[in-house]
Amino acid sequence: MSVTVIRCDRCGGLLGIGQWNTGRFVSCACGSKVRVEAYPTLVSPLQGGKSGQDLLAEDQASCYYHPQKQATAPCDVCGRFLCDLCDVALGKGHVCAQCLWTSMSQSSDERFCVRRQTFDSAALAMAIIPITAPLGLYYAIRHWNSAGSVLGTRKWLFVVAGIVSVLGTLGWGYLLLKVILEVAGR
Amino acid sequence: MEANKTIKHFSGRRWLSGQSLHLADDYLLAVNSGMFQETYRRFYYRDIQAVIIRRTGDATGMIVMMIIMLVASLLVLFSVDNETASAVMVVFVVGLFLNLVRLVAGLGSCVCYIQTPVSIQRLSITNVRTARRLLSELAPRIEAVQGPLSQEDLRRLLAESLFQPAPASAPAGEMPQAIPVPPAVNEPPAGTPTQPVPAQGDSLIDQVTMRHPN
């Protein structure tokens with residue numbers, strides 16, 4: 001068994017095995033009260049990458065990227081057969097490196113994306129700022145069905161943004177009109 | 001691949017900034033909210049090595065300060081005659097009281113880290129109660145993937161770290177050879193002149209005598 005160490009974030013001191021999984025806070029050497037919950041991955045050896053097995057027969061399915069290797073799983077995104085070398089196991093599924101890269105860079109797949117724009121809060125922010133109030137309404141309508149946050153777009157924020165935007169635009173329009181009429185009246 | 005159909009909110013708010021935590025089917029999702037974008041970090045249950053919580057003790061000072069402010073605010077509230085000022089003070093006192101309850105119910109402040117084979121990431125959890133709740137939510141999910149880390153495993157690890165393991169070839173009941181035999185020193189070839197090491201006292205005189213025998 002190989003053990004990865006656990007350190008106290010305050011002093012950097014090692015937290016020994018006797019301090020793990022006690023179910024309560026224990027004292028570190030620096031006096032801090034620390035609770036450590038360790039899980040089996042910590043004490044099990046890291047699995048090295050697999051290189052894939054060579055084809056043994058002509059009729060065996062082969063990897064799309066390595067035709068001389070046995071296919072072990074299809075990519076869940078593109079469906080291509082993958083060998084152990086090309087298979088990227090994510091959660092319960094398998095993807096190829098190309099699909100993973102494409103999904104991450106384009107944020108097209110919610111399971112892999114690392115960054116998303118939040119159109120709902122952007123629309124609300126635009127609606128609140130007087131100068132950009134009309135843009136807030138446009139933004140709310142334009143991105144009503146856009147893929148926003150992975151956790152789901154807050155449609156009610158779009159509604160609020162739209163209302164605020166309309167009210168703001170009307171208010172500013174009214175003020176502008178009043179000023180123009182006053183200037184014209186002089 | 002099955003998509004995560006259920007992402008359960010755990011803690012934190014998704015407003016202009018800050019971090020929120022969400023539990024998905026096979027990973028813990030940390031969402032860092034910025035002004036107009038969110039960044040995501042996924043901690044797959046099979047990769048989580050440890051959760052580390054450290055009490056910071058900042059809450060005691062905050063609680064004391066809150067109590068002092070609450071008492072002072074109550075004194076001001078009872079001494080004010082103006083209705084508007086009283087209403088404002090009531091709102092202020094209620095806010096302070098709720099914050100005090102939150103701090104006390106949180107059972108103290110803490111910092112929380114999650115350790116994986118490649119990173120140690122600080123989570124946005126700041127009170128012990130939430131941290132305990134996180135542990136209770138995470139433990140069954142992680143154990144479902146990794147299996148339990150029993151006390152027996154830990155004891156064995158502890159024993160392995162304290163004592164060197166006995167040689168595997170040694171039969172049971174036989175004492176291992178305590179003192180290893182040093183490797184044999186090669187004898188110098190015949191005819192090699194050997195110089196005796198001179199004694200400490202007259203060594204210089206002896207050497208001079210040898211170089212200049214007459």
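Predicted model: local features only at pLDDT ≥ 70, side-chain atom pairs only at ≥ 80, totals over all residues.
The buried residues of helix α4 of chain A pack against α2 (119-128) and α3 (133-142) of that chain, where buried means that 20 or more other C-beta atoms lie within 10 Å of a residue's own, with C-beta atoms placed from the backbone. Those buried residues are F158(A), A161(A), G162(A), S165(A) and G168(A).

Residues are numbered from 1 along each chain as its sequence is written, while chains are lettered from A and ligands numbered from 1 in the order in which they are written.

Helices (H or I, at least four residues) and strands (E, at least two) are DSSP runs, numbered from the N terminus.

Turning to the strands, an open sheet of five has the order β1(A)-β2(A)-β5(B)-β6(B)-β7(B), with antiparallel pairing, and two strands pair if DSSP finds at least two bridges between them. Because β1 (26-27) of chain A and β7 (120-123) of chain B stand at the edges, each with a single partner strand, one side of each is left without a neighbour in the sheet. Within chain A, β1(A) and β2(A), residues 33-38, pair over two bridges in the antiparallel sense, and S27(A) has K33(A) as its bridge partner in β2(A).

Elsewhere, β7(A) is joined by three bridges to β4 (residues 37-44) of chain B, the two running antiparallel, and R115(A) stands opposite T39(B) in β4(B).

Conventions. Buried ≥ 20, exposed ≤ 12 C-beta atoms within 10 Å, placed from the backbone. Contact = placed C-beta atoms within 7 Å.
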